[in-house]
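Please read the following report alongside the sequence and the model.

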Amino acid sequence: MMGTHSLNLLPKSFRPTLASLRPNLLRFESTRLTSCRRQNLGIRSVFTGIVEEMGHVKDLGLADHGGFDLKIGARVVLEDVKLGDSIAVNGTCLTVTDFDTEEFTVGLAPETLRKTSLEELERGSLVNLERALQPVSRMGGHVVQGHVDGTGVIVSMEAEGDSLWVKVKADKALLKYIVPKGFVAVDGTSLTVVDVSDQESCFNFMLVAYTQQNVVIPTKNVGQKVNLEVDIMAKYVERLLLTTSAYNTPQAKKG
């Protein structure tokens, strides 16, 4: 089971979040970050962005090993789980380090805290969960790596009938990869983009009634962060075009 320090000794008025405990974690920056980078050298797991269930944060904090652990209550994703398996938590690919029939534990590296919205979690927070794709699974969404590109901020949520319009503000460095009718993973949920506004640096999408009941996005408030992973194909195309352009310069041809 996960060993955490001091959380049960804190005043009841204190509600621990990853952000509040983050400074303590950063002391272990060099060793944990090096390990994280090694793990990301290749694609270890692939997801579809079709959320299997919503879990809830049961505990979080500094662990005996000196890192930061997150314990999540779940049911569906634990049916065939093994140590070392990858589970996407709000679209972030994390490794299972401990589990039983009702909960599992994952570790968070400093880089994960910097790059994702997981630092806003607290006990009781709902999270989207998806197991890594198996070769025999149906591809109901799109190819999602669980490597969060950055975060966006919810700027509006408006109902239309039983559907919900959600507008998200994103950094322009990410927005360039997001196109109308294209794919984007928001907190690990595969969604179809409706419109993109370069002037507002925003994009929007619509959640049908079924999706609203099965993902965490509708439970969030305007102003809260969401994890964003853009379609990997857009980044491959950009890289290919940049490389081809560089090889076709007069200097490159002379070399």
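## Basis of the model

The model is predicted: local features need pLDDT of at least 70, side-chain atom pairs count only at pLDDT 80 or more, and totals for chains, interfaces and linings use all residues. Residues are numbered from 1 along each chain as its sequence is written, and side-chain values use heavy atoms, with hydrogens and water left out.

## Overall composition

The protein contains 7 helices and 13 strands. Helices (H or I, at least four residues) and strands (E, at least two) are DSSP runs, numbered from the N terminus. Of its 255 residues, 44% are buried. Buried means under 20% relative accessible area, exposed means over 50%, and partly exposed lies in between, with a 1.4 Å probe and protein chains only.

The accessible surface is about 13500 Å², and carbon and sulfur atoms account for 54% of that area. Such areas come from the Shrake-Rupley method with a 1.4 Å probe; for residues, only the protein chains shown count as cover. Of the contacts between residues at least 6 apart in sequence, 73% join residues at least 24 apart. A contact means heavy atoms within 4.5 Å.

## The barrel

A barrel is closed by 6 strands in the order 1-2-5-4-3-6, with antiparallel pairing. On average, neighbouring strands of this sheet are turned by 45° against each other, direction ignored. Two strands pair if DSSP finds at least two bridges between them. Axes are lines fitted to C-alpha atoms, for helices over the stretch in contact, and angles run from 0 to 180 degrees between N-to-C directions.

Strand 1 (residues 53–62) and strand 6 (residues 126–131) run antiparallel and are joined by 4 bridges. Met54 has Asn128 of strand 6 as its bridge partner. Another 4 bridges link strand 3 (residues 86–89) with strand 4 (residues 92–99), also antiparallel, and here Ile87 stands opposite Leu94. Asp98 is the bridge partner of Thr105 in strand 5, and the hairpin joining strand 4 to strand 5 passes through 3 residues.

The open sheet has 7 strands in the order 10-9-13-7-8-12-11, with antiparallel pairing. Strand 10 (189–192) and strand 11 (195–197) are its edge strands, each pairing on one side only. Its neighbouring strands are turned by 35° against each other on average, direction ignored.

Within this order, strand 8 (residues 163–169) and strand 12 (residues 202–207) run antiparallel and are joined by 6 bridges. Leu164 stands opposite Leu207 of strand 12.

## Salt bridges

The whole structure has 12 salt bridges, each defined as a side-chain nitrogen of Lys or Arg within 4 Å of a carboxyl oxygen of Asp or Glu. One of them joins the side chains of Arg123 and Asp59 at 3.2 Å, N to O. Arg123 lies in the loop between helix 3 (110–115) and strand 6, and Asp59 lies in strand 1, so the pair ties together parts that are 64 residues apart in sequence. Arg123 is partly exposed at 32% relative accessibility, whereas Asp59 is buried at 14%.

Arg114 and Glu111 form a salt bridge with their closest N and O atoms 2.7 Å apart. Both residues are in helix 3, 3 residues apart, and are therefore separated by about one helical turn. Arg114 is partly exposed at 36%, and Glu111 is partly exposed at 27%. Lys82 meets Asp85 at 3.9 Å, N to O, with Asp85 partly exposed at 22%. Glu52, Asp80 and Arg131 are linked in a network of salt bridges.

## Cysteines and Ser117

A search of the whole structure finds 0 disulfides, a disulfide being a pair of cysteine sulfur atoms within 2.5 Å. Cys93 is buried at 19% relative accessible area, and Cys202 is buried at 5%.

Ser117 is placed in the loop between helix 3 and strand 6. Ser117 is buried, with a relative accessible area of 3%. Leaving out residues up to four places away in sequence, Ser117 touches Thr151, Asp187, Lys220, Lys225, Val226 and Asn227.
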